[in-house]
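Visitor: I'd like to go through this model with you. Can we take it one topic at a time?
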Amino acid sequence: MDAADTEQARTASHGSFVDLLPPEVTCKIFSQLDIQSLCRASETCQSWNHTIINNDALWKPHCLTARAVCPREINSDIEHNYTWREIIKRNYQKSKVKRAWLSGRYSNVRSPLNLPKRFMYPMDGDTWGEILDAELKR
């Protein structure tokens, strides 16, 4: 083994699997992560960040899950040409709060003081309209 091979082996041993594997394999690995884990993985190193942030295929499935709760909001973002990553950033927390409201989690709340502030999220009038319609049907 000459000096060039030794240097290449040493560099490879310090590199990330993202740099060593084919992009399709790396994408398959990252696609197994939930949204929080994907965000954390993007903070691991520059290589992972670049791979995750710039891969819409990793973000799209999470957007489609959120779309089940927020179709109007996500469809609007798609029409405005946001990336899938931007769409999930704009709608993830809203979809969690909206899902909780629509499932009746807060139906028994009689005062704004009883709402868990750390879980609330600002929503537009149309979203509140959907929630109020659901409450009236209960």
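Guide: First a definition: a salt bridge here is a side-chain nitrogen of Lys or Arg within 4 Å of a carboxyl oxygen of Asp or Glu. Keep in mind that this is a predicted model.

Visitor: How many salt bridges are in the whole structure?
Guide: The search finds six salt bridges.

Visitor: Why would such side chains pair at all?
Guide: Side chains of opposite charge can pair when their charged atoms come close.

Visitor: Which side chain does Glu73 meet in a salt bridge?
Guide: Glu73 pairs with Arg72, at 3.3 Å from N to O. Arg72 is partly exposed, with a relative accessible area of 29%, whereas Glu73 counts as buried at 6%.

Visitor: And what does Asp124 pair with?
Guide: Asp124 also forms a salt bridge with Arg72, at 3.6 Å from N to O. Asp124 sits in the loop between H8 and helix H9 (125-137) and Arg72 in helix H7 (residues 71-79), so this pair ties together parts that are 52 residues apart in sequence. Asp124 is partly exposed, with a relative accessible area of 33%.

Visitor: What about Arg90, which residue is its partner?
Guide: Arg90 forms a salt bridge with Asp77, and their closest N and O atoms are 3.0 Å apart. Arg90 belongs to helix H8 and Asp77 to helix H7, so the pair ties together parts that are 13 residues apart in sequence.

Visitor: Is Asp77 buried or exposed?
Guide: Asp77 counts as buried, because its relative accessibility is 4% and the cut-off for buried is under 20%. Arg90 is partly exposed, at 39%.

Visitor: Change of topic. How many helices and strands does the chain have?
Guide: There are nine helices and zero strands. Along the sequence the pattern reads α-α-α-α-α-α-α-α-α.

Visitor: What percentage of the chain is buried?
Guide: Buried residues make up 28% of the 138 residues.

Visitor: And how many of the contacts join residues at least 24 apart?
Guide: The figure is 56%, counted among contacts between residues at least 6 apart in sequence.

Visitor: Let's look at H4. Which of its residues are buried?
Guide: In H4, the buried residues are Ile35, Leu38, Ala41 and Ser42. Seen down the helix axis, the buried residues of H4 fall within an arc of 125 degrees, so they line one face of the helix.

Visitor: Why would spacing in sequence matter for that?
Guide: An α-helix has 3.6 residues a turn, so residues three or four places apart point the same way.

Visitor: What do the buried residues of H4 pack against?
Guide: They pack against H3, helix H5 (46-53), helix H6 (56-67) and H8.

Visitor: H3, then. Where is Thr26 placed, and what is it in contact with?
Guide: Thr26 is in helix H3 (residues 23-30). Leaving aside neighbours within four places in sequence, Thr26 is in contact with Phe17, Val18, Leu21 and Thr51. Thr26 is buried, with a relative accessible area of 2%.

Visitor: How far apart are Thr26 and Ile52?
Guide: They are 26 residues apart in sequence and 9.5 Å apart in space, C-alpha to C-alpha.

Visitor: Now pockets. What volume does the largest pocket have?
Guide: The volume of the largest pocket is about 200 Å³.

Visitor: Which residues line the largest pocket?
Guide: Its lining is Ile35, Gln36, Cys39, Ser42, Ile53, Trp59, Arg85, Ile88, Lys89, Tyr92 and Gln93. By class, that lining has six nonpolar, three polar and two charged residues.

Visitor: Which helices supply that lining?
Guide: Helix H4 (35-42) and helix H8 (84-102) each supply at least two residues of the lining. H8 gives the largest share, five residues. Ile35 and Ser42 are in the pocket lining and are also among the buried residues of H4.

Visitor: One last thing: what is the phi of Asn81?
Guide: Phi of Asn81 is near 60 degrees, a positive value in a residue other than glycine. Asn81 is in the loop between H7 and H8, and it is exposed, with a relative accessible area of 68%.

Terms used: Residues are numbered from 1 along each chain as its sequence is written. This is a predicted model: local features need pLDDT of at least 70, side-chain atom pairs count only at pLDDT 80 or more; totals for chains, interfaces and linings use all residues. Side-chain values use heavy atoms; hydrogens and water are left out. On a 1 Å grid over the protein atoms alone, a cavity is a set of points where a 1.4 Å probe fits but cannot get out, and a pocket is an open set with protein on both sides within 12 Å along at least five of seven lines; lining residues have an atom within 4 Å of a point. Grid points are joined across faces, edges and corners, and a volume is the space filled by probe spheres set on the points. Helices (H or I, at least four residues) and strands (E, at least two) are DSSP runs, numbered from the N terminus. Ala, Val, Leu, Ile, Met, Phe, Trp, Tyr, Cys and Pro count as nonpolar, Asp, Glu, Lys and Arg as charged, and the others, Gly among them, as polar. Buried means under 20% relative accessible area, exposed over 50%, partly exposed in between (1.4 Å probe, protein chains only). Contact means heavy atoms within 4.5 Å. The arc is that of the directions from the helix axis to the C-beta atoms.
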